[in-house]
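I opened this notebook to record what I looked up, entry by entry, and how each term was defined.

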Amino acid sequence: MNRINVTTSPSLALIKYWGKSDSVRNIPATSSLAITLDDLHTHTVVAEGLSDQVFINGEEAPIERFVPFFNNLRMATNSDMQFLAKSETNFPVAAGLASSSSGFAALAIGSALLIDPTISFRDVSQFARVGSASAARSVYGGFTVLRKDAEHADPLNLDWPELRVILAIVTEGEKPISSRKAMEFSRNTSPFYSEWINQSEIQFMECIQILHNKDLKTLGPIIRQSYLSMFSTMFTSTPPTIYWRPESVGLIQSCEEMRSEGINVWETMDAGPQVKMICLEDDQETILERLKKTHPKVEFLVSKVGGAPRL
Ligand code: PMV
């Protein structure tokens, strides 16, 4: 039987996507800039099936979440193929570690290549976006952008081998509310939402302009501003969305303390309680040692940037 093995990595946004300009087609309302995390993997095997079925870490996933993705893929490629996909991750899923980005990217690459082995990555990025907008970025490795109102993401030509991400796993449990729902609450009810849309575009443009200098000290404050502005729309929505746990706040404060001592570390967070800390290779050990002492219950993973899909 024809089958495709794909390994992808999750996409961590430095400048966040939060909110849709078209929720049916899953088009982002903000421009995001992200890195793929080389040391975290989703491995997926996709084959032609009798009906669409997706297994994640050994358990069959409810198919509703995948219906728009499969239907759009078949319509766009004029195909009637059905798919059987089995996916394994080496990190917790649905816990705010962007498992949907690497998951849908792997699924999109595998299923699109089964239909058409010559398909372009730009098309695959477009298919992946329908499943999860951040997955449009995971289709490429390294630095990527997904611009507001865009149908597909694009890779950025930038290499920063010294950059590291320390991921603090505060809790492995699944998040109480999906990012998809929380985003709609922000869009429909937060009085700060329209200002978030304005500010995030300014943050994105600033970041793009200075990224090539590879100066974490000037990028860091924009990265921090982006995630905090995003959360301000969650805290002020009805109902409010609060993914943070006491340990998340403790980690944010630890980063602030380290920065006040001159250590170059900048945290960001997504739709979950985990804290991701961005630093340079030379500071990684000092930061990790410190965090393990101040947060003994938290598990830490370290990743480089990279994570181009492997077939
Ligand atoms: O692509 P989704 O629906 O999983 O949403 C991702 C949203 C954030 O992770 C919070 C931000 C981002 O740009 O990845």
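Which helix gives the most to the lining of the second largest pocket? I found that α1 does, with five residues. I noted that a pocket is, on a 1 Å grid over the protein atoms alone, an open set of points with protein on both sides within 12 Å along at least five of seven lines, and that lining residues have an atom within 4 Å of a point.

The model is predicted, with local features needing pLDDT of at least 70 and side-chain atom pairs pLDDT 80 or more, while totals for chains, interfaces and linings use all residues. Residues are numbered from 1 along each chain as its sequence is written, and side-chain values use heavy atoms, without hydrogens and water.

Still on this pocket, I read a volume of about 230 Å³. Of its 15 lining residues, V24, R25, N72, R129 and V130 are the closest to its centre. Both α1 (67-77) and α3 (121-131) supply at least two residues of the lining; helices here are DSSP runs of H or I with at least four residues, and strands are runs of E with at least two.

Next I looked up the sheet, which is open and has five strands in the order β1-β6-β9-β7-β8, with mixed pairing (two strands pair if DSSP finds at least two bridges between them). Because β1 (3-8) and β8 (59-60) stand at the edges with a single partner strand each, one side of each is left without a neighbour in the sheet. I saw that β7 (residues 53-56) pairs with β8 in the antiparallel sense over two bridges, and that I56 stands opposite E59 in β8.

Terms used. 1 Å grid on protein atoms, 1.4 Å probe; cavity = no way out; pocket = protein on both sides within 12 Å on 5 of 7 lines; lining within 4 Å. Points joined across faces, edges and corners; volume = space filled by probe spheres on them.
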